[in-house]
Amino acid sequence: MFSDIPVDVSPMHEGERIRAANMYVELAGPKSVGTELVQVDESVVDGQYEVIGPELSEMIKGEVYPFGIKIDIKGEKLEKEIEGVIERRTHDLCNYVQGFMHLNQRDQIWCRVSTDALDEGFKLIDLAKSLGILFKEEFPIIEEITVTILTEEENVKQFVVDAQSIYAARDERARKLSDEDVDVFYGCLMCQSFAPTHMCVVTPDRTALCGAINWFDCRASAKMDPDGSIFEIEKGEVLDDVKGEYINVNDIIAQKTQGETDRVYLHSVFEYPHTSCGCFEAVAFYIPELDGIGIVDRDFGCETPLGIPFSSMAGQCSGGKQVEGFTGLSLEYMRSPKFLQADGAYERIVWMPKEIKSSLEGFIPKEIYDKIPTDENATSINDIKNYLKDKNHPILERIAILGSDEEKSSDDEDIESFGEEAMDMGQEFVPVASAPEMGMPLSGETKIIFKNAKIYAEKVIIKKSKK
Ligand code: SF4
């Protein structure tokens with residue numbers, strides 16, 4: 001089937017990483033532009049594969065190039081609604097091709113070709129042909145397919161603009177529905193190939209954390225293939241409609257994660273946050289010093305106010321882990337009226353990159369918009385504190401942050417304490433700090449190292465020096 005493709009094509013190559021030392025070229029990603037798009041199109045001519053722009057042989061080793069993957073499909077049973085779900089498989093299927101690495105989705109894609117693949121004679125046209133065969137194999141309802149690879153800068157830029165308007169229309173449609181309007185949610189297990197204990201719960205108000213699959217996409221996919229990786233979850237009895245906890249969701253997530261996770265709050269980062277696979281668009285992270293929540297997306301290349309970049313934070317909470325204080329999410333979820341509603345929604349958000357904040361204008365309540373600092377206003381916890389005080393951010397009502405960084409002494413005056421509220425709500429302790437690694441010396445040369453450490457306290461007292 002792949003006899004004229006010079007490299008092996010098989011699921012065994014999923015997970016292959018192409019590091020800089022073995023990289024021929026990089027395609028799309030943070031240093032360039034690119035996207036992928038699947039569309040149902042009645043004019044498709046089956047088996048038409050094309051590269052528009054420079055082929056690999058015309059590229060320079062070590063350089064970065066624009067990159068688009070345009071896939072058009074036709075089939076009697078194909079509906080427009082299924083486009084997003086089929087498109088999401090581009091990630092896995094590209095990674096079946098030995099020597100080709102694909103990360104992320106939509107206009108966030110980031111790909112690499114290895115020097116070994118180039119030496120074997122691999123070309124981008126081979127990627128197009130492989131995708132054509134793989135998509136038809138994976139989705140028998142695809143009767144005809146064409147795959148076009150774009151590498152010419154102006155073409156790719158225009159393709160990105162066109163694709164973004166299609167993504168926006170898909171997202172806009174889903175925004176008209178809310179969790180209360182439906183009787184079923186959906187589970188997605190597509191990312192279990194690399195995050196075996198992860199299951200996405202997709203509801204009208206909570207678009208999948210990859211940002212590529214919404215409730216309508218899931219509905220179309222489950223209808224087309226009820227035994228596939230996207231399936232219905234009867235909404236059933238709600239345990240807590242603010243946190244977003246449902247008996248059926250808990251039961252199914254326990255079943256599908258071999259018991260690793262058995263409770264999930266869809267709308268909170270505390271206690272039982274939604275698990276995170278690795279392809280989330282952004283991470284919400286708790287900042288104990290401020291009792292607030294920050295957001296960072298994968299395009300933000302600098303350090304967050306916690307002193308670590310997105311990549312380190314993603315490493316802490318990905319792979320299907322449920323890590324209290326962190327949750328992966330889609331940018332579209334930040335437009336939902338239920339966005340982290342159990343935690344205080346935008347009144348609890350104390351930092352985010354400026355690009356994200358601008359893209360959410362109209363969704364962040366007007367009265368809070370100017371009170372949320374971005375990387376332009378604050379790069380450290382202290383900067384954030386000062387900004388919050390200047391702007392009278394409502395988080396100040398939750399906890400008085402004044403003086404929390406001042407030296408404590410016996411003369412210190414208690415200005416705020418918290419913990420009782422959490423205990424009243426049934427929690428024994430409140431989270432006060434977390435760290436990817438924390439060492440504690442024992443006697444002699446022995447040391448205990450805590451990985452992904454979380455510190456809880458029954459009560460937290462913030463003191464202000466009287467001096
Ligand atoms: S992030 Fe979630 S919805 Fe998206 S493909 Fe992975 S499991 Fe499915």
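I count a residue as buried if 20 or more other C-beta atoms lie within 10 Å of its own. The model I am reading is predicted.

**Overall**

I looked up the secondary structure first. The protein has 13 helices and 21 strands. I then checked burial across the chain: 44% of the 467 residues are buried. Next came contacts between residues at least 6 apart in sequence. Of these, 71% join residues at least 24 apart.

**Strand β1**

I went to β1, residues 23-28. How many of its six residues are buried? I found five, so by the cut-off of 20 C-beta atoms the strand is mostly covered.

I then asked which strands pair with β1. On the antiparallel side I found β7, residues 110-114, joined over five bridges. Val-25 stands opposite Val-113 of β7. The parallel partner is β4, residues 64-65, with two bridges. I noted two facing pairs here. Glu-26 stands opposite Val-64 in β4, and Leu-27 stands opposite Tyr-65.

**The sheet**

I traced the sheet that holds β1. It is open, has four strands and runs in the order β4-β1-β7-β6. Its pairing is mixed. Which strands are at the edges? They are β4 and β6, the latter at residues 100-103, and each pairs on one side only. A reminder to myself: strands of a sheet pair through backbone hydrogen bonds, either parallel or antiparallel.

**Helix α4**

I moved on to α4, residues 124-138. It has 15 residues and reaches 21 Å from its first C-alpha to its last. That is close to the 21 Å expected at 1.5 Å a residue.

I listed its buried residues. They are Leu-124, Asp-126, Leu-127, Ala-128, Ser-130, Leu-131, Gly-132 and Leu-134. I kept the helix rule in mind: an α-helix has 3.6 residues a turn, so residues three or four places apart point the same way. Leu-124, Leu-127, Leu-131 and Leu-134 are among the buried ones.

What covers the buried residues of α4? The cover includes strands β3 (48-52), β5 (67-74) and β8 (144-150). Helix α2 (90-95) is also part of it.

**Ligand shell**

Last, I looked around the ligand. Cysteines in the shell include Cys-188, Cys-191, Cys-200, Cys-210, Cys-277 and Cys-279. I also found Met-190, Ala-208, Leu-209, Ala-212 and Ile-213 there.

Note on methods: Residues are numbered from 1 along each chain as its sequence is written. This is a predicted model: local features need pLDDT of at least 70, side-chain atom pairs count only at pLDDT 80 or more; totals for chains, interfaces and linings use all residues. A residue is buried if 20 or more other C-beta atoms lie within 10 Å of its own, exposed if 12 or fewer, and partly exposed in between; C-beta atoms are placed from the backbone. Two residues are in contact if their C-beta atoms, placed from the backbone, lie within 7 Å. Two strands pair if DSSP finds at least two bridges between them. A residue is near a molecule or strand if its C-beta atom, placed from the backbone, lies within 6 Å of it. The expected span of a helix is 1.5 Å times one less than its number of residues.
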